[in-house]
Structures are given as C-alpha cells and as structure tokens.
There are 2 protein chains.
Amino acid sequence: MVNVIEFAGGQAGPWRVTRIDTPVGDGLPGAARLSVGLGGDEVANEASPSPGTTWRLRGAISNLRYATRDEVVRLRTAQPPLDRPDATCAALIPIKKSARWWELAQDERRAIFEESSQHTKIGLGYLPAVARRLHHSRDLGEPFDFLTWFEFAPEHEDAFEALVAALRATPEWAFVEREVDIRLTRDAAG
Amino acid sequence: MVNVIEFAGGQAGPWRVTRIDTPVGDGLPGAARLSVGLGGDEVANEASPSPGTTWRLRGAISNLRYATRDEVVRLRTAQPPLDRPDATCAALIPIKKSARWWELAQDERRAIFEESSQHTKIGLGYLPAVARRLHHSRDLGEPFDFLTWFEFAPEHEDAFEALVAALRATPEWAFVEREVDIRLTRDAAG
C-alpha cells in the first residue's frame, strides 16, 4: 500500500512558514504554519479540516521513475532520514510540469532528467546535508505534479539555496510551468 | 488534469459480466454488470453508490512509464479508439505487482518489461483489433496497481485470448501477485 501524505497550510502545525516565493505560475494563499500528515481520501474529504487551513496538497510516496540501479544504490547509501533533531529548516516545493513534458516518451524524459540536467547527480552532491522526500501528485488529480519536501540544519541553508539554484538552471526546468517555494522552520527537538 | 476513472461491479451499467477468473491471488466479489465512469474523490466517496455495487476500482489515465519515442509512435499509429460500435466485447484486468517489482530501479523494470518480456511488442501485434486503455491505481492507494481495459469485436475473441496468454507467459508476469480477469459484453450500438 502506498502512503498518501497531506501538507496543509494555515494556522496549525509544527512548522512555521518563513517565506513563500513563486518562481513561476500561480502562487498559493498565505499560511502561517504547515502540518504534515497522512492524507488518504477519508482525510482529504473530511468535513472539518483544521480551522484556518488555506490550502491542502496531497502526494503519494511512490517508486522512483528515472533512477537506474547504480543511481538507486548511490542515493540509498548517501541519503539521510527525515526528522533529524538538528534539521530545523525545511522547504516544501510543489511543481507542475507542462503538457509537453508529459507527452514525451520515457527515454526522452530520462535523457532530459539525467543525461542533460543531471538531476540525481546534482542532488547527490548535497547529501547527507539535505534530506528529501518526493511525493507524486499528478495521478491524484492534484494541482501540482510533485511535492518535494526537504529538511536540513540551519548551517546548510546556503547549500540548500545552491541546490535549488542548480536545479532551476537545468534544461529540465524549462518544462516547469508552476513552482511554489515554501520555507519553514521548527523548534529544535528536545 | 489527469482523469480518474472508476469501474464499478454490481447490478448496474451497460456491460454484462460473462465471466470472472482469478489467475492469481484474491478474487473480487461477484457482479452481474459493470459501469465505467469518472471517479474523482468526490465520486468515490459519495454517500450513495448505485444499489447493489459490490466493488469499485479506480485508476488514473496517466503518462506511459516505459515506452520509448519509437514505441510511442508505433503505438499511436496503430491503436484504435475505444467505443467502436462493433467492439461489443471487453475485458477489465486488474493486476497488482509484488513489492520486489516496485523496489527495482527504472532500468531494471524497463529491461524486464520490454527487452525480455516484449510487453509493447506483443501488444502491437494485436492492433488494431484490440483497443486498450491503461489506468494507474497504485498511487491512489487502491488494492491493484493497474487496471487495463480492453475492447474488441466478437470475431477477435481468440486473438484476445492469445494476447493475454502471451503476456502471462512473460518474465514480467512472475512479478504479478494478484490478477483478476473480468470478461464483458454489451449490445451493439444502434
């Protein structure tokens, strides 16, 4: 069974929103806090969400779509878990890719994703500083295709900015038609 | 926006169930008729489904996950649309693949899917007789990973049996841990 995760922006949740930027396309309504939880149908359609919720985004934790075995091994070896006590900074970056991207064949998408844009290779350069979890939203009929969640310690904020800038400069990003960048902090775990 | 389609087995719908086989794993409850419709969250969670509905399966019409550009071109050139007036036979084949399949990397899954099992190549051999639409269910938290819908004229029933038998004999099918095969007919369009 695949887990569907829901990110809810509003007045509740452990994460404090510090900034919402919209690099391309329509933005999201303002939110002061973010909560992260399980988001099955029964949750997403419940009659009474948290008061003050201004948006809810859902995505499924699913299989990797482009990584080769060699890349999977390198990722699994290097990537840290979520919820590290010192990782008090986070980012939620929902993106939507264009119809032109989705009409490409698998080999064409793979070639842009890795051979020309080096998406996995760039990400590997920021491990283990930046923990990451990808959520697939497109098949759920959501407004975005992907929700990527990142966690890192405050001393790695510059590294995270460099990672995001490097990805946005790739040929792959020419297919991104909507992107919102939500930055967050929480109190350090006791 | 991706379309989510719902298949509902029970007492209602234009398709009459002629046979339900279960090649592997758990079966589905009996059903006399099948309906096919849009299946967004609001539909799937509505309070009053058709009386007599015994099961509902949902899947998203999504992008191809393995086909190369060359294969996509050959598929799009040869594949017929659904709803042909003489295509009064149909099959709905829900399958679930094993955890071992989903843990494979993309290049490993592609190699099994096409280089060793020739999934696309086998299917191309039965075009344009058999129309087909694939629905992705795994990210929706459904009990099956895929729902494949086929339509064909009665004179192509033997060809369809050969197609299904050829696919079940592939190395890819060793990863199928649940499969139900629902055969249907409807009256010819006026």
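**Close-up 1. B:Thr68 in its loop.** In this predicted model, B:Thr68 sits in the loop of chain B between strand E4 (55-60) and helix H2 (69-78). Helices (H or I, at least four residues) and strands (E, at least two) are DSSP runs, numbered from the N terminus. B:Thr68 is buried, at 18% relative accessible area, where buried means under 20% with a 1.4 Å probe and protein chains only. Not counting residues up to four places away in sequence, B:Thr68 touches A:Ala105, A:Asp107 and B:Arg110; contact means heavy atoms within 4.5 Å.

**Close-up 2. The largest cavity.** Its volume is about 710 Å³. A cavity is a set of points on a 1 Å grid over the protein atoms alone where a 1.4 Å probe fits but cannot get out; lining residues have an atom within 4 Å of a point. Volume is the space filled by probe spheres set on the points. The lining has 41 residues, with A:Phe113, A:His119, A:Arg132, A:Leu134 and A:Thr148 nearest the centre. H6(A) gives the most, 4 residues. By class, 19 are nonpolar, 10 polar and 12 charged.

**Close-up 3. The second largest cavity.** This cavity holds about 140 Å³. Among its 14 lining residues, A:Asn63, B:Arg65, B:Trp102, B:His136 and B:Phe146 are closest to the centre. The lining divides into 3 nonpolar, 4 polar and 7 charged. Ala, Val, Leu, Ile, Met, Phe, Trp, Tyr, Cys and Pro count as nonpolar, Asp, Glu, Lys and Arg as charged, and the others, Gly among them, as polar.

**Conventions.** Residues are numbered from 1 along each chain as its sequence is written, and chains are lettered from A in the order written. Local features need pLDDT of at least 70, side-chain atom pairs count only at pLDDT 80 or more, totals for chains, interfaces and linings use all residues, and side-chain values use heavy atoms, without hydrogens and water.

Methods: Buried < 20%, exposed > 50% of the residue type's maximum accessible area, 1.4 Å probe, protein only. 1 Å grid on protein atoms, 1.4 Å probe; cavity = no way out; pocket = protein on both sides within 12 Å on 5 of 7 lines; lining within 4 Å.
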